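Subject: Handover of a structure

Dear colleague,

Please find the structure below, together with its sequence. My notes follow directly after it.

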Protein chains: 2
Amino acid sequence: MNIDLILQHVSRYIQLNKNEAELFISLLKQKTIPRKGFLLRQGDICKTENFIIRGCLRTYSIDENGVEHIVMFGIEDWWVGDLYSFLSQSPASYFIDALEETELLQISKPHLDELYEKVPKFERFFRVLFQNAFITQQNRINQNLSFTAEQRYLEFIHKYPQLELRIPQKQIAAYLGITPVFLSMLRKKFALK
Amino acid sequence: MNIDLILQHVSRYIQLNKNEAELFISLLKQKTIPRKGFLLRQGDICKTENFIIRGCLRTYSIDENGVEHIVMFGIEDWWVGDLYSFLSQSPASYFIDALEETELLQISKPHLDELYEKVPKFERFFRVLFQNAFITQQNRINQNLSFTAEQRYLEFIHKYPQLELRIPQKQIAAYLGITPVFLSMLRKKFALK
DNA sequence: GAAAAAAATTAAACTACTTTAATGATTACT
DNA sequence: AGTAATCATTAAAGTAGTTTAATTTTTTTC
């Protein structure tokens, strides 16, 4: 199991001794999802939180007209899952599937609870993680309220230059909240400048 | 100082003994903000996280055209602040002002750091709080992407019926991401039905 | 309780973004 | 390597939501 990445990730926020690190690793399970494969479907119970070692996932909903709306992308070093479904073990609101073949380390709810009990430092770890995620999301909400589609697109490619290259345009449109057609029109406008 | 509310709030997630509760309380400072008074201005450093005992605040940005965009309302039992500014002690992105006279309990960054050190249980407390906030915000992002203005308004009054009565319509519009004029048109449509 | 200030309503002209549909370009699969 | 499938582009007509400005209603203040 490729554990270096996740140990490095954790060590950015908390320091683990050897025993703690071993316990943590023992609670993880590895999984690989092929391109276009699903990690989660709306209505399923989200059994695990998932740390991405390699690849790219998208978390999205499908509205009454069948249109997809992406609430987040996940790449290396990110955690993904349907948090509400995971915590309450109730049906998920979101689909999660792979835009590339993706390798995950998974932790189940009982194992995470055990981890919090035995190594309370992980409370801090996830506190800081959620704190950062909160800031990022609030920022996105603010930009969705105050920016035009054009500004949101420019901000996206500025903030996630790696993603822009890896992800089809229509997925970016589904993240920005516009149609692929309109995104194409915006891009044409920039190309002319 | 009216501490009952905050102790009750904390006890929903963690149990404090007498010493811990006393330490916690000793780190808090009370503050009252008059209606229309500011807790924070864009560009200021956010010195405290703020728990609302009574009243109503709004956190908002002002865009290049002078239009206000509300990222969140805060009422009794909620924490408010500009989290990024608070954590990094850098200039705030948001304004926070009072829609009603508001009573707060404030904790400074050094005091919060001290609290995490001396009573690590608070790591769990804030971990759970941010976790819940994350879910709420992700839900809002999803609805901003997939709902029409009409659906978002109906969802808002369904989810926050207390707020609808306390808050001027134009503030709700600034939260939903539409103009007060358009909100008025929507309401007229409902009234006719 | 009167005057001033802020908020809500209405209407009409306008625009950012959508929809549909057809064509061309890339990417994926055997 | 070749065929199918997916994705991006373009154009034209349509719509959800904005803008401006005038009027009415409600709330605040002294």
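Predicted model: local features only at pLDDT ≥ 70, side-chain atom pairs only at ≥ 80, totals over all residues.

B:Phe51 stands opposite B:Trp79, a residue of S6(B). The strands concerned are S3 (residues 48-54) of chain B and S6(B), which run antiparallel and are joined by two bridges.

These strands belong to an open sheet of four strands in chain B, ordered S1-S8-S3-S6, with antiparallel pairing. Strand S1 (29-33) and strand S6 (79-80) of chain B each have a single partner strand, so one side of each has no neighbour in the sheet. Across S3 and strand S8 (102-108) of chain B lies helix H4 (residues 109-118) of that chain, at about 65° to S8(B).

**Contact between chains A and B**

Chain A contributes 25 residues to the contact, and chain B contributes 25 residues. On the side of chain A that touches chain B, at least two residues come from each of strand S5 (68-75), helix H3 (83-88) and helix H5 (121-146) of chain A. The largest share of that side, 17 residues, is supplied by H5(A). Sorted by class, the side of chain A that touches chain B comprises eleven nonpolar, nine polar and five charged residues.

H9(B) provides the largest share of the surface near DNA strand C, with six residues. That surface divides into eight nonpolar, four polar and four charged residues.

DNA strand D is surrounded by 16 residues, and the closest are A:Gln169, A:Lys170, A:Ser184, B:Val181 and B:Phe182. For the surface near DNA strand D, at least two residues each come from helix H8 (169-176) and H9 of chain A and from helix H6 (149-159) and H9 of chain B. H9(A) gives the most to this surface, namely six residues. By class, the surface near DNA strand D holds eight nonpolar, four polar and four charged residues.

With kind regards

How values were computed:
Residues numbered from 1 in each chain as written. Chains lettered and ligands numbered in written order. Contact = placed C-beta atoms within 7 Å. Nonpolar A, V, L, I, M, F, W, Y, C, P; charged D, E, K, R; others polar. Pairing = 2+ DSSP bridges. Axes fitted to C-alpha atoms, helices over the stretch in contact; angles between N-to-C directions. Near = placed C-beta within 6 Å.
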